[in-house]
Structures are given as structure tokens and as C-alpha cells.
Amino acid sequence: MTISDMSAQTGWAKSKISELLRGTGLYPRWEITHSLLSLLGVPTWPMRRLWTSAAREARKKPEWIERCVEKQVLSAEDPPLDHGAFTELQADAYLAYATVFLSPREQAVRAVRDTFDILWLGWNDALASSDVVKYAWPVLRRTVMTRARHVDGRPELSDAAFDTIALRAATTSDEKFAQIEESVALFATMSWLPDHQLDVMVLRHLRGMEPSEVADVLGVPIASVRSDERHAKHTLETALCTEQDSEGNPT
């Protein structure tokens with residue numbers, strides 16, 4: 001279908017349709033987006049949520065967003081049954097991962113919801129892949145990382161230093177300060193791990209998942225999880241351990 005065909009069938013100018021399809025110009029109104037979705041047979045319900053979420057990120061005023069969506073009354077759509085089952089299966093783990101990088105919690109909730117909406121739009125591609133779980137994880141990761149704070153190109157993990165078991169076990173102010181300082185150094189170094197190792201460490205040690213659970217979330221073999229964890233620990237020990245105890249072990 002050409003842009004001329006789309007213009008003729010929707011009534012929108014070819015220049016407006018071209019801008020929308022190329023992702024240029026001003027943030028598109030929902031009316032033209034909805035027209036093209038309907039014409040192309042794309043599910044409108046998840047796309048409206050994504051459109052609204054992106055409009056907020058583009059700093060559009062709430063009144064403008066409301067006016068746009070009110071002009072097109074939509075009936076709620078149910079996702080495919082297997083998509084709904086997948087969402088129920090992975091939602092808790094996805095949210096646990098997202099909250100490590102995104103604050104406040106509402107931002108993490110939106111990122112996870114957007115992830116499932118993106119997957120809904122491309123669900124046929126997900127089903128056609130070799131593994132739906134493995135296909136879906138990069139979608140979540142991209143959605144979270146585009147919203148996360150970054151320092152020197154790596155995701156910021158410093159907030160995690162204030163929510164550790166070691167910190168809760170500290171009793172004096174000096175112990176707590178020292179523990180926070182140690183944790184900040186650890187998580188700053190952890191952020192430089194390769195992406196797959198970082199994900200394993202976050203799920204294993206910041207969210208307390210077992211290797212089998214991590215494998216189920218990432219869509220990889222348990223052996224890969226254990227290998228990534230082993231290499232990540234070695235990297236962190238090399239970077240952070242500078243002292244040895246009386247038996248020569250790093251402390």
C-alpha cells in the first residue's frame with residue numbers, strides 16, 4: 001500500500017502520513033495514528049496506551065492528550081490467549097527487574113506494561129521465533145533501558161545501594177555509612193558488566209532468584225546463567241578485591 005493509497009482511504013494529507021511513518025515532525029495526534037492503525041489492521045488498544053505513554057515522555061500536556069484520545073472512542077480489546085498467559089507468567093519477574101533501574105515504582109510499572117503492549121503488536125513474530133521467552137526479554141530490556149538513568153553510557157544502579165541485606169543488618173551509623181560506600185562501589189562496577197552478565201547478576205543477587213528461575217525469565221539454559229554469574233563474579237572480584245586474609249583469600 002502506497003502513501004497515496006493511505007491518503008485516499010484515510011483522508012489525511014500525504015505529507016502528514018509520511019511524517020508519521022518516518023517518525024519525523026511534531027508528535028502525531030491520535031486521530032491520524034488511529035486512522036492508519038485501522039486501515040492497516042493493527043490492534044488499536046495496545047497502541048493507544050503506547051501512544052499515551054510516549055506522549056507523556058514527549059512532555060505533552062495532559063489536557064492535550066485527553067482531547068486527542070476522547071475524539072476516538074475505543075472498545076477494550078483482549079490480547080490473544082497465549083499472550084495473556086505469557087503476561088501472567090512473566091509479569092512479576094519483569095517488574096522486579098524494572099524496579100532496579102527505574103524509580104518511582106510507577107515508572108517501572110509503565111515500562112513493563114509498555115513491554116507487553118509492544119509484544120502484543122508483534123505477537124505473531126514472537127510466536128514465529130524459536131523461543132517466545134528469549135524473544136521477549138530484549139523487548140523488556142530496551143524498554144527499561146531507554147527510561148533508566150545512565151552514567152557514561154551505562155545504567156545507574158546507585159539507588160540499589162540503599163536497599164541491601166547488608167545495610168539492613170548494620171546497627172551503627174558508621175557501619176551503615178561504610179556499607180553504603182561499599183555497595184555504591186560494587187554496583188558502579190557491576191553496571192559495566194556485559195549486558196547478559198548484568199541481567200543475571202541483577203536477577204540473582206538483587207532480586208534473589210534461583211538459577212532455574214533466571215533461566216526461565218531470560219529464555220536461556222541454566223548452564224548459561226551459571227557461566228555468566230561465574231564470569232561476572234570473577235570480574236567484580238578482580239576489580240574490587242585488593243586485600244587478602246591470613247590464608248591468602250581475597251576479602
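Colleague: Which helix holds Ser53?
Modeller: This is a predicted model, where local features need pLDDT of at least 70, side-chain atom pairs count only at pLDDT 80 or more, and totals for chains, interfaces and linings use all residues. Residues are numbered from 1 along each chain as its sequence is written, and side-chain values use heavy atoms, with hydrogens and water left out. Helices are DSSP runs of H or I with at least four residues, strands are runs of E with at least two, and both are numbered from the N terminus. Ser53 is found in helix α4.

Colleague: Is Ser53 buried or exposed?
Modeller: Buried means under 20% relative accessible area, exposed over 50%, and partly exposed in between (1.4 Å probe, protein chains only). Ser53 has a relative accessible area of 2%, so the residue is buried.

Colleague: Which residues does Ser53 touch, not counting residues up to four places away in sequence?
Modeller: A contact needs heavy atoms within 4.5 Å. On that basis, Ser53 touches Arg113, Asp114 and Arg147.

Colleague: Which residues of α3 are buried?
Modeller: Their cover includes α1 (3–10), α2, α4 and α5. After α3 comes Gly41, with a positive phi near 75 degrees. The buried residues of α3 are Trp30, Glu31, Ile32, Thr33, His34, Leu36 and Leu37.

Colleague: What does Pro28 touch, leaving out residues up to four places away in sequence?
Modeller: Pro28 sits in the loop between α2 (14–22) and α3 (30–40). Its relative accessibility is 22%, so Pro28 counts as partly exposed. Its C-alpha is 9.5 Å from that of Ile17, eleven residues apart in sequence. Pro28 touches Leu20, Thr33, Trp51 and Trp64.

Colleague: Which side chain makes a polar contact with the side chain of Arg154?
Modeller: Arg154 belongs to strand β2 (residues 154–155) and is buried, at a relative accessible area of 16%. Beyond four places in sequence, its contacts are Arg149, Ser191, Trp192, Leu193, Asp195 and Leu198. A polar contact is a pair of N or O atoms within 3.5 Å; within protein, one must be able to donate a hydrogen and the other to accept it, and residues adjacent in sequence count only if both atoms are side-chain atoms. At 3.3 Å, the partner of Arg154 is the side chain of Asp195.

Colleague: What is the phi of Arg59?
Modeller: Most residues other than glycine have a negative phi. Arg59 lies in the loop between α4 (44–57) and α5 (62–70). With 77% relative accessibility, Arg59 counts as exposed. Its phi is positive, near 65 degrees.

Colleague: And what is the phi of Asp152?
Modeller: Asp152 is in the loop between β1 (150–151) and β2. Its relative accessibility is 67%, so Asp152 is exposed. Asp152 is not a glycine, yet its phi is positive, at about 55 degrees.

Colleague: Is the peptide bond from Ser103 to Pro104 cis or trans?
Modeller: Most peptide bonds are trans. Pro104 is in the loop between α6 (81–101) and α7 (105–121). With omega near 5 degrees, the bond from Ser103 to Pro104 is cis.

Colleague: At what angle do α12 and α14 pack?
Modeller: Axes are lines fitted to C-alpha atoms, for helices over the stretch in contact, and angles run from 0 to 180 degrees between N-to-C directions. Angles of 65 to 115 degrees count as roughly perpendicular, under 35 as roughly parallel, over 145 as roughly antiparallel and the rest as oblique. Therefore α12 and α14 are roughly perpendicular. Helix α12 (residues 195–206) and helix α14 (residues 222–240) have axes 9 Å apart, at an angle of about 95 degrees.

Colleague: Which residues of α13 and α14 make their contact?
Modeller: Helix α13 (residues 211–218) packs on α14 at about 110 degrees, with axes 8 Å apart. The two are therefore roughly perpendicular. The contact is made by Pro211, Ser212, Val214 and Ala215 of α13, and by α14 residues Ile222, Val225 and Arg226.

Colleague: How many helices and strands does the chain have?
Modeller: Buried residues make up 37% of the 251 residues. Among contacts between residues at least 6 apart in sequence, 60% join residues at least 24 apart. The count is 14 helices and two strands.
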